[in-house]
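Please walk through this structure with the sequence at hand, taking the strands, the core and the charged pairs in turn.

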Amino acid sequence: MGAKVTLSNVNIETTSNAAVSVSGNVELIIAGTNTLHSGTDHAGVEKADDNGTLTISGTGTLEAYGGEGGAGIGGARNKNASNIVIEGGTIEANGGTWGAGIGGGQSAAGQNITIRDGNVTAIPGGEAAGIGGGYQGSGKNITIEGGTVYSRSGGGSGPVAAIGGGRVS
């Protein structure tokens, strides 16, 4: 078991770092309305590329915005993200330019992502997947077990999955 952290009606905006950064096993409990904006190269909720699991739960609302190259929830630029579980809440994850909504940052993979419940929206930056890999990153082992999920492709100049990998040039 790891840390339990509750976000309750917070608004964090930074231009140089991650608004929230986690490593190891962390349960992020969402209460009220929360907005996180991260700086360049960082994810809105940045998960270290480690063996720990980030679990997001609760009944509140979370809007997470990655900076340029960062995922909305997951990896920073050039950082893979794995072991992300969403168990509840209303979650909107917005990747920065070339970052996945949920998953890898620019040039990074997103894997072992599970959505069990909640109302989840994943909006990537250009040429990234909504859930999975950032631009030039793969996406695998993505499971949707329940909840309502909206994910879209970042589009661009080549094929990009809404759920899966970003464009590989």
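Where is the place of Asn9? In this predicted model, Asn9 sits in the loop that joins β1 (3-8) to β2 (11-13). The phi angle of Asn9 is near 55 degrees, which is a positive value in a residue other than glycine, and Asn9 counts as exposed because its relative accessibility is 55%. Asn141 also has a positive phi, of about 55 degrees, without being a glycine, but Asn141 belongs to strand β16 (residues 139-144).

Turning to the sheet, the reader can follow 6 strands that form an open arrangement in the order β3-β6-β9-β12-β15-β18, with parallel pairing. The edges are formed by β3 and β18 (163-164), each of which pairs on one side only. At the β18 end, strand β15 (residues 131-132) pairs with β18 in the parallel sense over 2 bridges, and Ile131 has Ile163 of β18 as its bridge partner.

The largest nonpolar core comprises 25 residues, and those with the most contacts inside it are Val45, Ile56, Leu62, Ile73 and Ile102. Among the elements that give two or more residues to this core are β3 (20-22), β7 (54-58), β10 (81-86) and β14 (119-123). In soluble globular proteins, nonpolar side chains tend to be buried together.

Strand β13 contains Thr114, which counts as buried because its relative accessibility is 14%. Leaving aside neighbours within four places in sequence, Thr114 is in contact with Ile84, Val85, Ile86, Thr143 and Glu145.

The structure also holds 7 salt bridges. In one of them, the side chains of Arg77 and Asp41 meet at 2.4 Å, N to O; Arg77 lies in the loop between β9 (73-74) and β10 and Asp41 in the loop between β5 (33-37) and β6 (45-47), so this pair ties together parts that are 36 residues apart in sequence. Arg77 counts as partly exposed, at 22% relative accessibility, and Asp41 likewise counts as partly exposed, at 32%.

Another salt bridge joins Arg167 to Glu127, with the closest N and O atoms 2.0 Å apart. This pair links distant parts of the chain, 40 residues apart, with Arg167 in the segment after β18 and Glu127 in the loop between β14 and β15. Both Arg167 and Glu127 are buried. Elsewhere, salt bridges that share partners join Asp41, Glu68 and Arg77 into one network.

Note on methods:
Residues numbered from 1 in each chain as written. Predicted model: local features only at pLDDT ≥ 70, side-chain atom pairs only at ≥ 80, totals over all residues. Heavy atoms only, no water. Core = buried A, V, L, I, M, F, W, Y, C linked by side-chain atoms within 4.5 Å. Buried < 20%, exposed > 50% of the residue type's maximum accessible area, 1.4 Å probe, protein only. Helix = DSSP H or I, 4+ residues; strand = E, 2+ residues; numbered from the N terminus. Contact = heavy atoms within 4.5 Å. Pairing = 2+ DSSP bridges. Salt bridge = Lys/Arg side-chain N within 4 Å of Asp/Glu carboxyl O.
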